[in-house]
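Welcome, and please take a moment to turn the model around before reading on. The report below walks through it step by step.

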Amino acid sequence: MPPRALFAFLLLSLAWGSSYLGTNIAVRELGPFSMVLWRLGLGVAVLCAAAVVSRPAWPRSWRAYGAVAAYSVIGIALPLWLVSWSLRHTDSSLAAILVTTAPIFTMLIAHVALGDDRMTLGRVGGVLLGFGGVALLLSRELAAGVNSTALASVTLLAVALCYASASVFARRYTGGTPPLVNALVAQGSAALILAVLTPLAEGGYTLPQSGQVWLAVLWVGVFSSGVAFVCYYYLLHSIGPTRLQMVNFLILVIAMALGVLLNDEPLSWNRMGGSLLILSALVVANRKSVTSKVAPPPLQAAATGPLPSATQGD
(Lines give C-alpha, C1' and ligand atoms only; values in the text may rest on other atoms or scores of the structure.)
Protein backbone atom coordinates (compact mmCIF):
# COMPACT_ATOMS: atom_id res chain seq x y z
CA MET A 1 0.00 0.00 0.00
CA PRO A 2 1.52 3.39 -0.96
CA PRO A 3 2.42 5.66 1.98
CA ARG A 4 -0.34 8.18 1.18
CA ALA A 5 -2.96 5.43 0.98
CA LEU A 6 -1.67 3.88 4.20
CA PHE A 7 -1.98 7.23 5.98
CA ALA A 8 -5.53 7.66 4.69
CA PHE A 9 -6.35 4.08 5.73
CA LEU A 10 -5.12 4.63 9.29
CA LEU A 11 -6.85 8.02 9.48
CA LEU A 12 -10.14 6.50 8.33
CA SER A 13 -9.83 3.68 10.87
CA LEU A 14 -9.21 6.14 13.68
CA ALA A 15 -12.04 8.44 12.55
CA TRP A 16 -14.67 5.72 12.44
CA GLY A 17 -13.32 3.69 15.36
CA SER A 18 -13.37 6.71 17.66
CA SER A 19 -16.85 7.82 16.60
CA TYR A 20 -18.49 5.33 18.97
CA LEU A 21 -16.78 6.74 22.03
CA GLY A 22 -17.34 10.31 20.82
CA THR A 23 -21.06 9.68 20.40
CA ASN A 24 -21.24 7.91 23.75
CA ILE A 25 -19.79 11.02 25.42
CA ALA A 26 -21.93 13.48 23.45
CA VAL A 27 -25.29 11.85 24.27
CA ARG A 28 -24.65 12.42 27.97
CA GLU A 29 -25.81 15.99 27.35
CA LEU A 30 -27.45 15.91 23.92
CA GLY A 31 -30.52 14.04 22.81
CA PRO A 32 -30.09 11.53 19.97
CA PHE A 33 -31.70 13.86 17.42
CA SER A 34 -29.54 16.82 18.45
CA MET A 35 -26.39 14.69 18.38
CA VAL A 36 -27.03 13.47 14.84
CA LEU A 37 -27.93 16.95 13.65
CA TRP A 38 -24.68 18.38 15.02
CA ARG A 39 -22.71 15.53 13.50
CA LEU A 40 -24.25 15.85 10.05
CA GLY A 41 -24.12 19.64 10.00
CA LEU A 42 -20.39 19.67 10.71
CA GLY A 43 -19.79 16.83 8.27
CA VAL A 44 -21.64 18.68 5.50
CA ALA A 45 -19.49 21.75 6.12
CA VAL A 46 -16.31 19.70 5.59
CA LEU A 47 -17.70 18.02 2.48
CA CYS A 48 -18.75 21.40 1.03
CA ALA A 49 -15.18 22.59 1.41
CA ALA A 50 -13.93 19.40 -0.28
CA ALA A 51 -16.39 19.93 -3.13
CA VAL A 52 -15.21 23.52 -3.64
CA VAL A 53 -11.62 22.29 -3.91
CA SER A 54 -12.22 19.23 -6.11
CA ARG A 55 -15.12 20.66 -8.16
CA PRO A 56 -16.91 17.36 -8.98
CA ALA A 57 -19.38 17.10 -11.85
CA TRP A 58 -22.93 17.46 -10.56
CA PRO A 59 -25.62 15.26 -12.15
CA ARG A 60 -28.28 16.97 -14.23
CA SER A 61 -31.01 14.42 -13.55
CA TRP A 62 -33.29 15.04 -10.57
CA ARG A 63 -33.79 11.29 -10.43
CA ALA A 64 -30.19 10.84 -9.32
CA TYR A 65 -30.69 13.27 -6.45
CA GLY A 66 -33.90 11.49 -5.47
CA ALA A 67 -32.13 8.14 -5.17
CA VAL A 68 -29.40 9.61 -3.00
CA ALA A 69 -31.97 11.40 -0.84
CA ALA A 70 -33.81 8.10 -0.34
CA TYR A 71 -30.53 6.49 0.63
CA SER A 72 -29.98 9.20 3.22
CA VAL A 73 -32.95 7.94 5.21
CA ILE A 74 -31.99 4.26 5.48
CA GLY A 75 -28.22 4.74 5.29
CA ILE A 76 -27.61 7.84 7.38
CA ALA A 77 -30.47 9.49 9.30
CA LEU A 78 -32.12 6.38 10.72
CA PRO A 79 -29.02 4.34 11.64
CA LEU A 80 -27.20 7.31 13.15
CA TRP A 81 -30.22 8.14 15.29
CA LEU A 82 -30.48 4.50 16.39
CA VAL A 83 -26.78 4.43 17.27
CA SER A 84 -27.05 7.65 19.28
CA TRP A 85 -30.09 6.35 21.15
CA SER A 86 -28.43 2.99 21.83
CA LEU A 87 -25.28 4.60 23.19
CA ARG A 88 -27.34 6.17 25.95
CA HIS A 89 -28.07 2.64 27.21
CA THR A 90 -24.92 0.66 26.39
CA ASP A 91 -21.21 1.27 25.88
CA SER A 92 -19.20 2.12 22.80
CA SER A 93 -17.24 -1.13 22.43
CA LEU A 94 -20.38 -3.28 22.38
CA ALA A 95 -21.90 -0.93 19.80
CA ALA A 96 -18.83 -1.22 17.59
CA ILE A 97 -18.86 -5.02 17.70
CA LEU A 98 -22.55 -5.30 16.81
CA VAL A 99 -22.41 -2.80 13.95
CA THR A 100 -19.45 -4.73 12.55
CA THR A 101 -21.95 -7.42 11.54
CA ALA A 102 -23.20 -5.18 8.70
CA PRO A 103 -21.19 -7.00 5.97
CA ILE A 104 -22.82 -10.27 7.05
CA PHE A 105 -26.28 -8.83 6.49
CA THR A 106 -25.04 -7.32 3.22
CA MET A 107 -24.17 -10.77 1.86
CA LEU A 108 -27.66 -12.07 2.64
CA ILE A 109 -29.45 -9.08 1.13
CA ALA A 110 -27.20 -8.92 -1.94
CA HIS A 111 -27.88 -12.60 -2.64
CA VAL A 112 -31.59 -11.84 -2.91
CA ALA A 113 -31.48 -8.38 -4.49
CA LEU A 114 -28.47 -8.55 -6.80
CA GLY A 115 -28.23 -11.20 -9.46
CA ASP A 116 -24.44 -11.00 -9.77
CA ASP A 117 -23.51 -11.18 -6.08
CA ARG A 118 -24.60 -14.64 -5.02
CA MET A 119 -23.85 -16.59 -1.87
CA THR A 120 -20.92 -19.00 -1.98
CA LEU A 121 -19.92 -21.79 0.38
CA GLY A 122 -17.41 -19.46 2.01
CA ARG A 123 -20.04 -16.80 2.52
CA VAL A 124 -22.46 -19.27 4.06
CA GLY A 125 -19.72 -20.28 6.49
CA GLY A 126 -19.03 -16.63 7.23
CA VAL A 127 -22.69 -15.91 7.93
CA LEU A 128 -22.94 -18.86 10.34
CA LEU A 129 -19.75 -17.82 12.12
CA GLY A 130 -20.99 -14.25 12.35
CA PHE A 131 -24.33 -15.14 13.87
CA GLY A 132 -22.56 -17.50 16.26
CA GLY A 133 -20.43 -14.54 17.33
CA VAL A 134 -23.52 -12.40 17.88
CA ALA A 135 -25.12 -15.14 20.00
CA LEU A 136 -21.99 -15.43 22.15
CA LEU A 137 -21.61 -11.68 22.37
CA LEU A 138 -25.15 -11.11 23.61
CA SER A 139 -25.39 -14.21 25.82
CA ARG A 140 -24.77 -12.28 29.04
CA GLU A 141 -26.97 -9.30 28.09
CA LEU A 142 -29.94 -11.43 27.02
CA ALA A 143 -29.59 -13.74 30.03
CA ALA A 144 -30.38 -10.75 32.24
CA GLY A 145 -33.82 -10.47 30.64
CA VAL A 146 -35.47 -7.59 28.80
CA ASN A 147 -33.84 -4.34 29.87
CA SER A 148 -32.49 -1.18 28.27
CA THR A 149 -29.10 -2.77 27.50
CA ALA A 150 -30.67 -5.76 25.75
CA LEU A 151 -32.99 -3.47 23.78
CA ALA A 152 -30.04 -1.29 22.78
CA SER A 153 -28.15 -4.39 21.60
CA VAL A 154 -31.03 -5.48 19.37
CA THR A 155 -31.30 -1.90 18.08
CA LEU A 156 -27.62 -1.95 17.11
CA LEU A 157 -28.22 -5.08 15.06
CA ALA A 158 -30.98 -3.13 13.33
CA VAL A 159 -28.35 -0.46 12.58
CA ALA A 160 -26.19 -3.11 10.91
CA LEU A 161 -29.23 -4.19 8.87
CA CYS A 162 -29.86 -0.56 7.84
CA TYR A 163 -26.27 -0.15 6.64
CA ALA A 164 -26.42 -3.44 4.75
CA SER A 165 -29.71 -2.54 3.04
CA ALA A 166 -28.39 0.93 2.18
CA SER A 167 -25.25 -0.56 0.67
CA VAL A 168 -27.24 -2.76 -1.70
CA PHE A 169 -29.71 0.06 -2.46
CA ALA A 170 -26.84 2.38 -3.37
CA ARG A 171 -25.31 -0.24 -5.62
CA ARG A 172 -28.56 -0.54 -7.58
CA TYR A 173 -29.76 3.05 -7.74
CA THR A 174 -26.96 5.56 -7.19
CA GLY A 175 -24.38 4.55 -9.80
CA GLY A 176 -22.91 7.13 -12.16
CA THR A 177 -22.82 10.00 -9.68
CA PRO A 178 -19.44 11.25 -8.37
CA PRO A 179 -18.85 9.80 -4.88
CA LEU A 180 -18.26 13.17 -3.25
CA VAL A 181 -21.56 14.44 -4.66
CA ASN A 182 -23.30 11.33 -3.34
CA ALA A 183 -21.83 11.86 0.11
CA LEU A 184 -22.64 15.57 0.20
CA VAL A 185 -26.22 15.20 -1.04
CA ALA A 186 -26.88 12.23 1.25
CA GLN A 187 -25.52 13.91 4.37
CA GLY A 188 -27.20 17.19 3.44
CA SER A 189 -30.56 15.48 2.96
CA ALA A 190 -30.21 13.63 6.25
CA ALA A 191 -29.27 16.89 8.00
CA LEU A 192 -32.41 18.57 6.66
CA ILE A 193 -34.55 15.69 7.93
CA LEU A 194 -32.98 15.97 11.39
CA ALA A 195 -33.35 19.76 11.36
CA VAL A 196 -37.12 19.28 11.05
CA LEU A 197 -37.45 16.36 13.47
CA THR A 198 -35.18 17.61 16.27
CA PRO A 199 -37.38 20.45 17.61
CA LEU A 200 -40.46 18.24 17.29
CA ALA A 201 -38.90 15.34 19.19
CA GLU A 202 -36.75 17.18 21.71
CA GLY A 203 -38.51 20.52 22.09
CA GLY A 204 -35.82 22.60 20.41
CA TYR A 205 -32.19 22.66 19.39
CA THR A 206 -29.63 21.87 22.09
CA LEU A 207 -26.08 23.14 22.56
CA PRO A 208 -23.38 21.13 24.32
CA GLN A 209 -22.69 22.44 27.81
CA SER A 210 -19.30 21.06 28.83
CA GLY A 211 -15.97 21.28 27.09
CA GLN A 212 -15.71 17.49 26.91
CA VAL A 213 -18.98 17.19 25.01
CA TRP A 214 -18.08 20.09 22.71
CA LEU A 215 -14.84 18.28 21.87
CA ALA A 216 -16.69 15.00 21.27
CA VAL A 217 -19.24 16.67 18.97
CA LEU A 218 -16.59 18.51 16.97
CA TRP A 219 -14.49 15.36 16.68
CA VAL A 220 -17.34 13.18 15.47
CA GLY A 221 -18.75 15.83 13.14
CA VAL A 222 -15.61 17.22 11.53
CA PHE A 223 -13.38 14.16 11.68
CA SER A 224 -15.67 11.09 11.67
CA SER A 225 -18.33 12.47 9.30
CA GLY A 226 -16.32 14.90 7.19
CA VAL A 227 -12.65 14.03 6.87
CA ALA A 228 -13.40 10.30 7.01
CA PHE A 229 -15.54 10.49 3.88
CA VAL A 230 -12.76 12.16 1.94
CA CYS A 231 -10.39 9.37 3.01
CA TYR A 232 -12.96 6.71 2.22
CA TYR A 233 -13.50 7.77 -1.38
CA TYR A 234 -9.81 8.36 -1.95
CA LEU A 235 -9.14 4.78 -0.81
CA LEU A 236 -11.95 3.37 -2.96
CA HIS A 237 -10.13 4.71 -6.00
CA SER A 238 -6.57 4.02 -4.86
CA ILE A 239 -6.77 0.53 -3.30
CA GLY A 240 -10.24 -0.72 -4.29
CA PRO A 241 -13.18 -1.98 -2.21
CA THR A 242 -11.83 -5.45 -1.42
CA ARG A 243 -8.70 -4.23 0.35
CA LEU A 244 -10.70 -1.41 1.89
CA GLN A 245 -12.80 -3.98 3.75
CA MET A 246 -9.81 -4.49 6.04
CA VAL A 247 -10.71 -1.15 7.62
CA ASN A 248 -13.50 -2.98 9.47
CA PHE A 249 -10.93 -4.86 11.55
CA LEU A 250 -9.06 -1.75 12.65
CA ILE A 251 -12.30 0.11 13.39
CA LEU A 252 -13.32 -2.61 15.81
CA VAL A 253 -9.91 -2.82 17.48
CA ILE A 254 -9.72 0.97 17.90
CA ALA A 255 -13.28 1.26 19.20
CA MET A 256 -12.77 -1.48 21.78
CA ALA A 257 -9.38 -0.12 22.88
CA LEU A 258 -10.68 3.42 23.32
CA GLY A 259 -13.73 2.21 25.20
CA VAL A 260 -11.69 0.11 27.62
CA LEU A 261 -8.83 2.57 28.13
CA LEU A 262 -10.70 5.90 28.15
CA ASN A 263 -14.22 4.99 29.20
CA ASP A 264 -13.65 2.14 31.70
CA GLU A 265 -15.73 -0.27 29.64
CA PRO A 266 -15.60 -4.00 30.47
CA LEU A 267 -13.60 -6.44 28.35
CA SER A 268 -15.43 -9.66 29.14
CA TRP A 269 -14.76 -13.11 27.73
CA ASN A 270 -17.99 -13.16 25.72
CA ARG A 271 -17.15 -9.82 24.10
CA MET A 272 -13.69 -11.01 23.16
CA GLY A 273 -14.98 -14.33 21.86
CA GLY A 274 -17.91 -12.80 20.02
CA SER A 275 -15.77 -10.15 18.32
CA LEU A 276 -13.20 -12.76 17.25
CA LEU A 277 -15.94 -14.91 15.73
CA ILE A 278 -17.41 -11.94 13.86
CA LEU A 279 -14.01 -10.90 12.52
CA SER A 280 -13.31 -14.51 11.53
CA ALA A 281 -16.65 -14.51 9.70
CA LEU A 282 -15.53 -11.53 7.62
CA VAL A 283 -12.26 -13.27 6.76
CA VAL A 284 -13.97 -16.53 5.77
CA ALA A 285 -16.72 -14.81 3.79
CA ASN A 286 -14.30 -12.63 1.79
CA ARG A 287 -11.47 -15.10 1.27
CA LYS A 288 -12.56 -15.98 -2.25
CA SER A 289 -15.00 -13.16 -3.00
CA VAL A 290 -12.62 -10.61 -4.47
CA THR A 291 -14.99 -10.08 -7.37
CA SER A 292 -17.80 -8.83 -5.17
CA LYS A 293 -19.11 -5.51 -6.42
CA VAL A 294 -20.70 -4.35 -3.20
CA ALA A 295 -18.37 -2.13 -1.24
CA PRO A 296 -18.06 -2.67 2.50
CA PRO A 297 -20.78 -0.86 4.35
CA PRO A 298 -19.70 1.92 6.66
CA LEU A 299 -19.18 0.88 10.16
CA GLN A 300 -18.77 4.21 11.66
CA ALA A 301 -21.97 5.01 12.65
CA ALA A 302 -20.66 4.99 13.70
CA ALA A 303 -19.86 5.77 10.33
CA THR A 304 -22.32 7.76 8.30
CA GLY A 305 -23.10 5.20 5.73
CA PRO A 306 -20.74 5.68 2.83
CA LEU A 307 -22.25 5.16 -0.58
CA PRO A 308 -20.56 2.31 -2.45
CA SER A 309 -21.50 3.60 -5.89
CA ALA A 310 -18.01 4.29 -7.11
CA THR A 311 -16.46 0.94 -6.41
CA GLN A 312 -13.80 -0.46 -8.62
CA GLY A 313 -11.60 -3.52 -8.69
CA ASP A 314 -8.32 -3.78 -6.90
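In which helix is L218 found? L218 belongs to helix α10, which covers residues 211-238. Keep in mind from the start that this is a predicted model.

Together with L207, W214 and V222, L218 makes a nonpolar surface patch of about 320 Å². Is L218 buried, partly exposed or exposed? The relative accessibility of L218 is 39%, so this leucine counts as partly exposed; the range for that class lies between under 20% for buried and over 50% for exposed.

**The overall picture**

Now step back to the whole chain. The protein chain holds 13 helices and zero strands. Reading along the sequence therefore gives the pattern α-α-α-α-α-α-α-α-α-α-α-α-α. Of the 314 residues in the protein chain, 57% are buried. The chain exposes about 12,900 Å², and carbon and sulfur atoms supply 69% of that area.

**Inside the core**

The largest nonpolar core has 87 residues, and the members that touch the most others are L12, L40, L235 and L244. Helix α10 gives the most to this core, with 12 residues. This is the helix in which L218 is found.

L12 shows what such a core member meets. Leaving out neighbours within four places in sequence, L12 is in contact with A228, C231, Y232, L235, L244 and V247. Two of these partners, L235 and L244, are named with L12 among the core members that touch the most others.

A26 sits in helix α1 (residues 3-26). With 0% relative accessibility, A26 counts as buried. Which residues does A26 contact, leaving aside neighbours within four places in sequence? They are M35, V213, A216 and V217. For V213, the C-alpha atoms lie 5.0 Å from each other in space, although A26 and V213 are 187 residues apart in sequence.

A191 is found in helix α9, residues 179-202. A191 is buried too, with a relative accessible area of 12%. Not counting residues up to four places away in sequence, A191 touches L37 and L40; L40 was named above for the core. The C-alpha atoms of A191 and G43 are separated by 9.5 Å, and these two residues are 148 residues apart along the chain.

**Aromatic pairs**

How many aromatic pairs does the structure hold? There are six. A pair of aromatic rings is described by the distance of the centres and the angle of the planes. Two of the pairs are set out here.

| Pair | Geometry | Centre to centre | Angle between planes |
|---|---|---|---|
| F33 and W81 | tilted | 5.3 Å | 45° |
| F105 and F131 | edge-to-face | 5.7 Å | 70° |

Why does the pair of F33 and W81 tie together parts 48 residues apart in sequence? F33 lies in helix α2 (residues 32-54) and W81 in helix α3 (residues 62-86), so the pair links these two helices. F33 is buried, with a relative accessible area of 16%, whereas W81 counts as partly exposed at 24% relative accessibility.

**One salt bridge**

A search of the whole structure finds one salt bridge. Which side chains meet in the salt bridge? They are those of R271 and D91, at 2.8 Å from N to O. R271 lies in helix α13 (residues 269-286) and D91 in the loop between α3 and α4 (92-99), so the pair ties together parts that are 180 residues apart in sequence. Are R271 and D91 buried or exposed? Both are buried.

Definitions and conventions:
Residues numbered from 1 in each chain as written. Predicted model: local features only at pLDDT ≥ 70, side-chain atom pairs only at ≥ 80, totals over all residues. Heavy atoms only, no water. Patch = residues over 30% accessible without salt bridge, like charges linked within 9 Å, V, L, I, M, F, W, Y side chains within 5 Å. Areas by Shrake-Rupley, 256 points an atom, 1.4 Å probe, with all protein chains shown as cover. Salt bridge = Lys/Arg side-chain N within 4 Å of Asp/Glu carboxyl O. Helix = DSSP H or I, 4+ residues; strand = E, 2+ residues; numbered from the N terminus. Buried < 20%, exposed > 50% of the residue type's maximum accessible area, 1.4 Å probe, protein only. Phe/Tyr/Trp six-rings, centres within 6.5 Å; stacked < 30°, edge-to-face > 60°. Core = buried A, V, L, I, M, F, W, Y, C linked by side-chain atoms within 4.5 Å. Contact = heavy atoms within 4.5 Å.
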